[in-house]
Amino acid sequence: MVLPEHIIKVYTSLSNKTNFELLTKNDKTRLNSIKSSKSRNVFIRSHSMLNALLVNELDIDINKLEFAYNTHGKPFLSTNIFNSSKLYFSLSHSDSGITIAISKNFEIGIDLEDNSKRKLESCQKISKRFFSNAEQKYLNEALNHTNEFKSRFFKIWTLKEAYLKAIGTGINTTLSDISFNITSNEIIFCDKSTLKHPIYSFYTKQLNQYTLSLACANLNKSILQITEYYQ
């Protein structure tokens with residue numbers, strides 16, 4: 001039996017283009033509270049990109065685009081828009097890189113990290129605090145190979161972040177309770193609180209100096225078809 005495909009669209013931008021006109025009224029209000037010029041630029045770039053993609057998917061005017069938030073701050077489309085579209089999205093940015101995932105009917109989370117911005121010592125310190133025993137063992141196999149160690153670290157780190165974004169809890173979930181066993185053919189996932197959440201599928205890849213990872217609720221274990229776009 002061939003399982004149905006589940007199409008996910010992933011958009012990534014490594015440029016510095018901004019478009020203030022694609023911000024919603026709420027975006028512009030939030031922007032006023034951001035003091036750092038660098039943070040303001042990232043906010044404009046990321047939210048204008050997200051808004052452009054959503055209005056295109058939904059075929060609505062930018063002024064009608066509205067969002068809601070869960071208790072942990074995870075954004076969703078407002079109830080009226082979501083009920084008619086069943087559209088989920090997730091946004092992540094790191095330095096100049098921005099990535100956005102859009103999925104229909106299935107919750108999703110995405111994370112992007114710039115590998116060049118973190119030193120080996122920092123990766124080791126974080127892994128000892130937040131990684132499971134199995135993950136630390138996987139990292140230590142590459143302890144004498146800096147590039148491979150960092151590659152493995154960022155795969156695990158972004159997978160954790162993507163999953164937490166998908167379930168909408170953020171750092172309120174203990175990171176060491178989430179464990180990934182990465183082989184050449186698959187990503188084996190374990191969450192001690194997994195009974196509270198649907199089955200998830202995962203995807204990770206290297207993009208220049210960035211690591212990108214995706215988590216998608218996939219109760220029916222559908223085959224994921226990920227279409228990537230670069231801007």
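This briefing describes aromatic pairs, nonpolar cores, a helix face and a strand hairpin in one structure. The model is predicted. A search of the whole structure finds 15 aromatic pairs. The largest nonpolar core holds 29 residues, and another core, of 26 residues, lies apart from it.

**Aromatic pairs**

- Among the aromatic pairs is that of Tyr 163 and Tyr 200, whose ring centres are 5.2 Å apart; the planes stand at 85°, so the pair is edge-to-face.
- This pair links distant parts of the chain, since Tyr 163 belongs to helix α6 (residues 146-167) and Tyr 200 to strand β9 (residues 200-207), 37 residues apart.
- Tyr 163 is buried, at 0% relative accessibility, and Tyr 200 is buried as well, with a relative accessible area of 10%.
- Tyr 200 also pairs with Phe 202: the ring centres are 6.5 Å apart and the planes lie at 35°, so this pair is tilted.
- Phe 202 has a relative accessibility of 14% and therefore counts as buried, the limit being under 20%.
- A cluster of rings is formed by Phe 130, Phe 131, Phe 153, Phe 154 and Trp 157, which are linked through ring pairs.

**Charges over rings**

- Arg 152 places its charged end over the ring of Tyr 138, 4.4 Å from the ring centre.
- Lys 74 lies over the face of Phe 76, and its distance from the ring centre is 5.4 Å.

- Strand β9, which contains Tyr 200, pairs with strand β10 (residues 210-217) in the antiparallel sense, over eight bridges.
- Leu 207 has Tyr 210, in β10, as its bridge partner.
- Two residues stand between the strands of this hairpin, and Asn 208 takes a positive phi near 55°.

**Nonpolar cores**

- In the core of 29 residues, the members that touch the most other members are Leu 54, Leu 58, Leu 65, Leu 77, Ile 100 and Ile 102.
- Two or more residues come from each of β1 (5-13), α2 (37-58), α3 (79-85), β4 (87-94), β5 (97-104), β6 (108-114) and β10.
- Helix α2 gives the most to this core, with six residues.
- Leaving aside residues up to four places away in sequence, Leu 58 touches Leu 65, Leu 77, Ile 81, Ser 85 and Leu 87.
- The separate core of 26 residues includes Ile 126, Tyr 138, Ile 156 and Ala 217.

- Helix α4 (residues 120-130) has Leu 120, Cys 123, Ile 126 and Ser 127 as its buried residues.
- Viewed down the axis of α4, the buried residues fall within an arc of 125°, so they line one face of the helix.
- The spacing follows from helix geometry: an α-helix has 3.6 residues a turn, so residues three or four places apart point the same way.
- The buried residues of α4 pack against α5 (133-140) and α6.
- On the other side of α4, the residues Glu 121, Lys 125, Lys 128 and Arg 129 are exposed.

**His 72**

- His 72 is placed in the loop between β2 (67-69) and β3 (75-77).
- With a relative accessible area of 46%, His 72 is partly exposed.
- His 72 and Asn 218 are 146 residues apart in sequence, and their C-alpha atoms are 22 Å apart in space.

Technical notes
Residues numbered from 1 in each chain as written. Predicted model: local features only at pLDDT ≥ 70, side-chain atom pairs only at ≥ 80, totals over all residues. Heavy atoms only, no water. Phe/Tyr/Trp six-rings, centres within 6.5 Å; stacked < 30°, edge-to-face > 60°. Helix = DSSP H or I, 4+ residues; strand = E, 2+ residues; numbered from the N terminus. Buried < 20%, exposed > 50% of the residue type's maximum accessible area, 1.4 Å probe, protein only. Lys NZ or Arg CZ within 6 Å of the ring centre and 35° of its normal. Pairing = 2+ DSSP bridges. Core = buried A, V, L, I, M, F, W, Y, C linked by side-chain atoms within 4.5 Å. Contact = heavy atoms within 4.5 Å. Arc of directions from axis to C-beta.
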